[in-house]
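Here is a short briefing on one protein model. Look over the sequence and the structure first, then work through the points below.

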Amino acid sequence: MHFQWYPGHMTKAKRMMQENIKLIDLVIELVDARIPISSRNPDIDELGNNKARLILLNKSDLAEETQNDAWVEYFKRKGFAVVKVNSKKGGGIKSIHGVIQEACKEKIERDRKRGILNRPVRAMVVGIPNVGKSTFINALAGKACAKTGNKPGVTKGKQWIRLNKNVELLDTPGILWPKFEDQKVGLRLAFIGSIKDEILNIEELAAELIQFMKKYYMGVLAEKYDIMENEDPYQCLADIAMSRHCLLKGNELDMAKAAALLVDDFRSGKLGRITLEFAGDYE
Ligand code: G4P
């Protein structure tokens, strides 16, 4: 699913978020482990002010493990509870219940002092499009997908998924808009496929990816495509086209096809586990 954002979308998304956030105790924010900063919208810090916060490094299976660990430390230093997850395969999901209780312990304690016992924590999942919100909700809720909407005390129209006696999850995730105005951020979002490919032409996108790979993951492309890592990214792309027989009529190289192949290989993890943003570059 690709998304084009217009000011109208952003206003609507923000309004929905403001409404829903009033109902919850805990914000579960998904980020893409390959770009944990660029896949966030910092407005969530203001929106989620006074709420317990949990950050999930989703798609951690596609990012480098040492970097995942560095990012866990980074977000912990900022005061967030953090878990690495692979929503697609269920990795990390089991540990989440314990982390939720820990992240909400102040609220649970406040309730206890007021004599409110066993009131479940209410949580909402938020994140930019395509970060894995629906996949995560399915993985977490699994079969325990009993809906609890439209009962007394439950806001009309809102559906809550009762995960267990301690936690209820709003069944519609909050959508955050990515901050793609910054060129670097836009490029990284395009690499992972979160914004429309048309924003950059696919050959330019592939050339940028080749330059990144040569700088930070030297040798990976050479090995995968059996090419030399040439100085000129477009020459590299031509070599990939050649090596993968991406040809047009008359044996001309099909650069667009090679570019799409490379970008697809990256997105699906076929180039290996690659992180695009390094925790060490952020304080
Ligand atoms: P959204 O609700 O935030 O928009 O995202 P959604 O769950 O639809 O997930 C977007 C894509 O990301 C899906 O792939 C999904 O399978 C994939 N995904 C979600 N979590 C993970 C993860 O932890 N690891 C990996 N590797 N992929 C993940 P898709 O290509 O749209 O669908 P499909 O081909 O997987 O069915």
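A residue counts as buried when its relative accessible area is under 20%. Leu 169 has 0% relative accessibility, so Leu 169 is buried. Keep in mind that this is a predicted model.

**Aromatic rings**

- A pair of aromatic rings is described by two things: the distance of the centres and the angle of the planes.
- Nine aromatic pairs occur in the structure.
- Trp 71 and Tyr 74 make an edge-to-face pair, with 5.0 Å from centre to centre and 75 degrees between the planes.
- The label edge-to-face applies because planes over 60 degrees apart fall in that class.
- Helix 3, residues 65-77, holds both Trp 71 and Tyr 74. They are three residues apart, which is about one turn of the helix.
- Both partners are covered: Trp 71 is buried at 0% relative accessible area, and Tyr 74 is buried at 8%.
- Phe 212 and Tyr 217 form a tilted pair, because their centres are 6.1 Å apart and their planes meet at 40 degrees.
- Phe 212 and Tyr 217 are both buried.
- Which residues do ring pairs link into a cluster? They are Trp 71, Tyr 74, Phe 75, Phe 80 and Tyr 282.
- A charge also meets a ring. The charged end of Arg 122 sits over the ring of Trp 160, at 4.3 Å from the ring centre.

**Around the ligand**

- There are 16 residues around the ligand. Those that come nearest are Asp 61, Ser 87, Lys 133, Ser 134 and Thr 135.
- Thr 135 has a polar side-chain atom 2.5 Å from an oxygen atom of the ligand.
- Asn 58 also places a polar side-chain atom by a ligand oxygen atom, at 3.1 Å.
- Val 131 uses its backbone: a polar backbone atom lies 3.3 Å from an oxygen atom of the ligand.
- How much of the ligand does the protein bury? Taken alone, the ligand exposes 710 Å², and the protein buries 66% of that.

**Asn 41: buried in a loop**

- Asn 41 lies in the loop between strand 1 (26-32) and helix 2 (43-47).
- Is Asn 41 buried or exposed? Asn 41 is buried, because its relative accessible area is 0%.
- The side chain of Asn 41 reaches the backbone nitrogen of Asp 43, at 2.7 Å.
- Leaving out residues up to four places away in sequence, Asn 41 touches Leu 176, Trp 177 and Lys 179.

- Leu 169 belongs to strand 6, residues 167-170.
- Setting aside neighbours within four places in sequence, Leu 169 has contacts that include Ile 28, Ala 123, Met 124 and Val 125.
- Further along the sequence, the contacts of Leu 169 include Ile 137, Leu 140, Gln 159, Trp 160, Ile 161 and Leu 163.
- Leu 169 and Ala 33 are 136 residues apart along the chain, and their C-alpha atoms are separated by 23 Å.

**Ala 259: buried in a helix**

- Ala 259 sits in helix 11, residues 255-267.
- Ala 259 counts as buried because its relative accessibility is 0%.
- Beyond its neighbours within four places in sequence, Ala 259 is in contact with Ile 202, Glu 203, Ala 206 and Leu 237.
- Ala 259 and Ile 210 are 49 residues apart in sequence, and their C-alpha atoms are 9.8 Å apart in space.

- Most residues other than glycine have a negative phi.
- Asn 50 is not a glycine, yet its phi is positive, about 75 degrees.
- Where is Asn 50? Asn 50 is in the loop between helix 2 and strand 2 (52-58).
- Asn 50 counts as exposed because its relative accessibility is 75%.
- His 245 also has a positive phi, near 55 degrees.
- His 245 lies in the loop between helix 10 (233-243) and helix 11.
- At 61% relative accessibility, His 245 is exposed.

Notes
Residues are numbered from 1 along each chain as its sequence is written. This is a predicted model: local features need pLDDT of at least 70, side-chain atom pairs count only at pLDDT 80 or more; totals for chains, interfaces and linings use all residues. Side-chain values use heavy atoms; hydrogens and water are left out. Rings of Phe, Tyr and Trp (its six-membered ring) pair if their centres lie within 6.5 Å; planes under 30 degrees apart count as stacked, over 60 as edge-to-face and the rest as tilted. Helices (H or I, at least four residues) and strands (E, at least two) are DSSP runs, numbered from the N terminus. Buried means under 20% relative accessible area, exposed over 50%, partly exposed in between (1.4 Å probe, protein chains only). A charge sits over a ring if NZ of Lys or CZ of Arg is within 6 Å of the ring centre and within 35 degrees of the ring normal. A residue is near a molecule or strand if one of its heavy atoms lies within 4 Å of it. A polar contact is a pair of N or O atoms within 3.5 Å; within protein, one must be able to donate a hydrogen and the other to accept it, and residues adjacent in sequence count only if both atoms are side-chain atoms. Accessible areas come from the Shrake-Rupley method with a 1.4 Å probe; for residues, only the protein chains shown count as cover. Contact means heavy atoms within 4.5 Å.
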